[in-house]
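Q: Hi! Could you walk me through the charged pairs in this one?
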Amino acid sequence: MRSWPAPEVPRLPGTGRPPRVYDSASREVRATDPQGTARMYVCGITPYDATHLGHAFTYLTFDLVQRVWRDAGLDVHYVQNVTDVDDPLLDRANERGVDWRELATSEIELFRTDMAALRVIPPREFIGVVEAVPLVAKMVETLRSRGAAYDVDGDIYFPVDADPNFGGVSGFDRETMLALSAERGGDPDRHGKKDPLDPLLWRAARDGEPSWESPLGAGRPGWHVECSAISLDNLGMTFDVEGGGSDLVFPHHEMSASHAQAATGEYPHAKAYVHAAMVGLDGEKMSKSLGNLVLVSKLRGGADGMDPMAIRLALLDHHYRTEWEWTAADRPAAEQRLETWRRAVALESGPAAGGVLEAVRDRMADDLDTPGALRVVDGWAERALAGPGEEAADADAPLLVRDTVDALLGVAL
């Protein structure tokens with residue numbers, strides 16, 4: 001599947017450091033320590049509606065991980081999937097009276113456009129589930145050969161007790177797991193399962209639903225196994241970061257890890273599980289199911305559209321692990337900051353900026369502290385716009401700040 005055009009990223013003097021990030025599995029901030037190539041898998045969209053600010057906040061988070069790794073001199077192998085066949089997509093297509101493939105195609109294209117506008121570095125592989133069906137079927141066959149799959153009325157399920165490390169990603173107790181399974185696409189009440197938590201690997205063909213022929217019989221993949229299969233095929237086991245929104249901790253990342261670990265006999269699936277917090281609106285999590293969305297395309301569209309770089313600054317003003325709500329004040333604050341920064345870097349000279357680069361690097365290496373990084377640049381811009389003082393003017397400073405903001409924060413000034 002085609003991704004989107006990559007933005008140009010300036011090269012900065014010197015070398016940064018790989019970031020420390022919060023690992024949900026160990027419940028602590030840990031160093032990332034890629035060996036040669038940094039490998040990252042991020043769970044992508046289910047394309048039944050347009051990109052909202054919650055999506056943008058998530059993908060911006062992992063764009064920052066990429067940028068900090070690259071600044072540390074690392075090659076980055078980034079993979080992202082698209083769940084372009086699943087129940088929510090089929091349901092929305094039926095509601096609208098359109099073909100599910102048509103809906104998926106149009107929403108994926110809008111997502112590409114939004115990501116390009118926000119200057120998100122694209123993944124090396126951008127893979128839809130439809131194109132990965134043979135890959136998923138092969139993985140389910142592997143699980144079955146290892147005794148880690150069983151049938152329920154033609155559907156194939158994964159027994160969670162096949163992975164001795166099941167539960168290690170979320171750390172949740174069984175009661176919490178059962179509640180979240182029911183809430184987030186599971187079927188804990190289905191008769192015939194060995195354990196209510198066992199997730200679906202392969203859904204046998206039903207009338208009126210898309211299906212594909214395979215050695216498993218006609219059908220389509222379950223949700224969690226798609227990411228296991230795609231990540232294993234492209235990155236192998238024990239890659240550096242698996243990412244997504246915090247609502248994916250359980251069941252999605254928990255189950256995906258268990259599938260991979262049971263299929264390979266290796267542990268762990270990923271070295272770190274990193275999750276972006278939810279973005280709210282009017283007291284509720286911003287989500288497609290609730291319909292309380294601020295859409296990126298609408299926010300940046302029209303005669304009064306918001307500059308995509310101001311959207312990016314509004315998102316960067318919140319730490320990736322902190323839940324927050326979009327309010328009417330976010331837009332003018334971000335637009336004012338963008339205008340101030342642009343005026344400052346347009347000057348012929350300014351205060352020395354080597355300390356700005358190193359301070360921004362420090363903030364980004366420390367668990368992606370974007371609010372702290374923004375304050376560093378705010379301080380330089382304020383001094384630059386105040387005019388000559390005791391500091392000697394440096395003709396190279398505005399360009400260095402411009403490049404620092406572009407390379408590490410993704411904001412083009």
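A: Happy to. Let's take Arg 96 to begin with: Arg 96 is partly exposed, at 41% relative accessible area. Keep in mind that this is a predicted model.

Q: What does Arg 96 form a salt bridge with?
A: With Asp 49; their closest N and O atoms are 3.9 Å apart.

Q: OK, new spot. How far apart are the closest N and O atoms of Arg 190 and Asp 155?
A: They are 2.5 Å apart, in a salt bridge. Arg 190 sits in the loop between helix H5 (174-183) and strand S8 (200-204), and Asp 155 in strand S7 (residues 155-157), so the bridge ties together parts 35 residues apart in sequence.

Q: Which burial class does each of them get?
A: Asp 155 counts as buried at 1% relative accessibility, whereas Arg 190 is partly exposed at 24%.

Q: What about Asp 366 and Arg 363?
A: Their side chains meet in a salt bridge, 3.4 Å from N to O. Asp 366 is partly exposed at 31%, and Arg 363 is partly exposed at 25%.

Q: Which residues do shared partners join into one network?
A: Asp 49, Arg 92, Glu 95, Arg 96 and Glu 107.

Q: Last one: how many salt bridges does the whole structure have?
A: The search finds 37.

Key
Residues are numbered from 1 along each chain as its sequence is written. This is a predicted model: local features need pLDDT of at least 70, side-chain atom pairs count only at pLDDT 80 or more; totals for chains, interfaces and linings use all residues. Side-chain values use heavy atoms; hydrogens and water are left out. A salt bridge is a side-chain nitrogen of Lys or Arg within 4 Å of a carboxyl oxygen of Asp or Glu. Buried means under 20% relative accessible area, exposed over 50%, partly exposed in between (1.4 Å probe, protein chains only). Helices (H or I, at least four residues) and strands (E, at least two) are DSSP runs, numbered from the N terminus.
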